[in-house]
Amino acid sequence: MATITGPIDVSALRARLDRATAAAEQAGVDALLISPGSDLRYLIGAGGDSFERLTCLALPVGGTPTLVVPKLEQPGYAAIPTDELGVQVVTWVDGEDPYALVKAAIKGTRTAVADMMPALHTIKLGNAIGGPQSLAGPIIRELRMRKDASEIAALRKAGQAIDRVHARMGEFLRVGRTEREVAKDIAAAIVEEGHTVADFVIVGSGPNGASPHHRDSDRVIEAGEVVVIDIGGPVAEGYNSDSTRTYVMGEPAHDDVWDTYAVLQAAQQAAVEAVKPGVTCEEIDNVARKVITDAGFGEYFVHRTGHGIGLDVHEEPYIVSGNALPLEAGMAFSVEPGIYLPGRWGARIEDIVVATETGVESFNNRPHELVVL
């Protein structure tokens, strides 16, 4: 079933549909074919999953947007103001051919299909329509990575909500508790503080903190250990938070913690301050990486500096070496350098920021210092 958990901004959605069809025309395709997922939510305000029965939004160039949906799934889309959006709804029942309905809704045979559309539907649509197929992702992500005012407001709300969880970390993170116990309490707090669900909770204590994507375990947190807490989830509008802070349980057990963490903090601050329109994604990565490398820790910074965020936790633009894309106002992404010392400890600082017309706004505003609990 479709999921609609937040308010629907008809004017914003109508503008997105218009921009998407214009982009499709510019890309030389006759129609976009979008299955349930974040792209569909971006365009009509409804999320959901793909199943063996086809649900597909057909966006033809020079035609009427058409949502082809199984009749038994139609109630999930009832709250969408399709009339106001100019979207016609065509239902089908078992025994009918939904792929023929999609073909009838479009003009031409050059189609771009959603990146995550199941092969079950992609192949059958290709057989029904004929003509070349391509991915819709390169077309849609050009729109999605430039956030409009309503999207920025939702990301700001998400950032404030996850900040409130980090502010409560002293309630959960204590010596003698396991990572899993801490993670369970944090997940509950994520929902309590305004998210619809806890999408991910990373609690990396001691040597586990040196693994960037460690989740949690039955390891008991000990005095003097550094603990990495990376958490996030969606708010009602569907937009995500993602913020990392690093904590230490009393006086650090390792002598190098304070000086090493100071390098990380300087790198993260320098990268955030470098964000402004015209600066490329790889230049932001280079700023953070240079500070860490010059201090002798380059080999211990093992991932990109950041990723775009919105309806998906990871989306364009990626803040990584080799990405020469210039930043534009409205591009939102993480800035999250880390230093990971295998077998010992690790640390990461992560904020979600957005490029503005004149510089940068951070959606996370908890202290960046190493927090002693």
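Strand β1, residues 31-34, and strand β2, residues 56-60, pair in the antiparallel sense over 4 bridges. Look at L32: its bridge partner in β2 is L59. Keep in mind that this is a predicted model.

A quick word on sheets in general. Strands of a sheet pair through backbone hydrogen bonds, and the pairing is either parallel or antiparallel.

Now widen the view. Which strands belong to the sheet that holds β1 and β2? There are 6 of them, in the order β4-β3-β2-β1-β5-β6. The sheet is open, and its pairing is mixed. At the edges stand β4, residues 88-92, and β6, residues 133-135. Each of these two has a single partner strand, so one side of each has no neighbour in the sheet. From one strand to the next, the twist averages 25°.

Next, the helices on this sheet. Helix α1 covers residues 10-27 and packs on the sheet. α1 touches β1 and β2, and its direction makes about 65° with that of β2. Then there is α5. This helix lies across β1, β5 and β6. α5 runs at about 140° to β6.

What does the record say about this part of the chain? UniProt, in an unreviewed entry, places the feature "domain: Creatinase N-terminal" at residues 16-111. That span is 32% helix and 21% strand. Its end C-alpha atoms lie 18 Å apart.

Now helix against helix. Two packed helices are described by the angle between their axes and the distance between the axes.

Take α1 again, this time with helix α6, residues 137-144. Their axes come within 10 Å and cross at roughly 135°. That angle makes α1 oblique to α6. α1 passes α6 in a right-handed crossing. Which residues make the contact? From α1 come R16, R19, A20, A23, A24 and A27. From α6 come I139, I140 and L143. By class, the contact of α1 with α6 has 7 nonpolar, no polar and 2 charged residues.

Helix α4 is residues 98-105, and helix α5 is residues 119-129. Their axes come within 9 Å and cross at roughly 55°. α4 and α5 are therefore oblique to each other. The crossing of α4 past α5 is right-handed. On the α4 side, the contact uses Y99, V102 and K103. On the α5 side, L120, H121, K124, L125, A128 and I129 meet them. The residues of this contact divide into 6 nonpolar, 1 polar and 2 charged.

D230 stands opposite T244 in β9.

One more helix pair. Helix α10 is residues 257-273, and helix α11 is residues 281-294. They pack at an angle of about 160°, with their axes 8 Å apart. That makes α10 roughly antiparallel to α11. Their crossing is right-handed. V263, L264, A266, A267, A270 and A271 in α10 meet I284, V287, A288, V291 and I292 in α11. How do these residues divide by class? The contact of α10 with α11 has 11 nonpolar, no polar and no charged residues.

Last stop: a peptide bond. Most peptide bonds are trans. The bond from E316 to P317 is cis, with omega near 0°. Where is P317 placed? P317 is in strand β11, residues 315-319.

Terms used
Residues numbered from 1 in each chain as written. Predicted model: local features only at pLDDT ≥ 70, side-chain atom pairs only at ≥ 80, totals over all residues. Heavy atoms only, no water. Axes fitted to C-alpha atoms, helices over the stretch in contact; angles between N-to-C directions. Parallel < 35°, antiparallel > 145°, perpendicular 65-115°, else oblique. Left-handed = near helix turned anticlockwise from the far one by under 90°. Contact = heavy atoms within 4.5 Å. Nonpolar A, V, L, I, M, F, W, Y, C, P; charged D, E, K, R; others polar. Pairing = 2+ DSSP bridges. UniProt positions renumbered as here; feature names shortened; annotations may be inferred.
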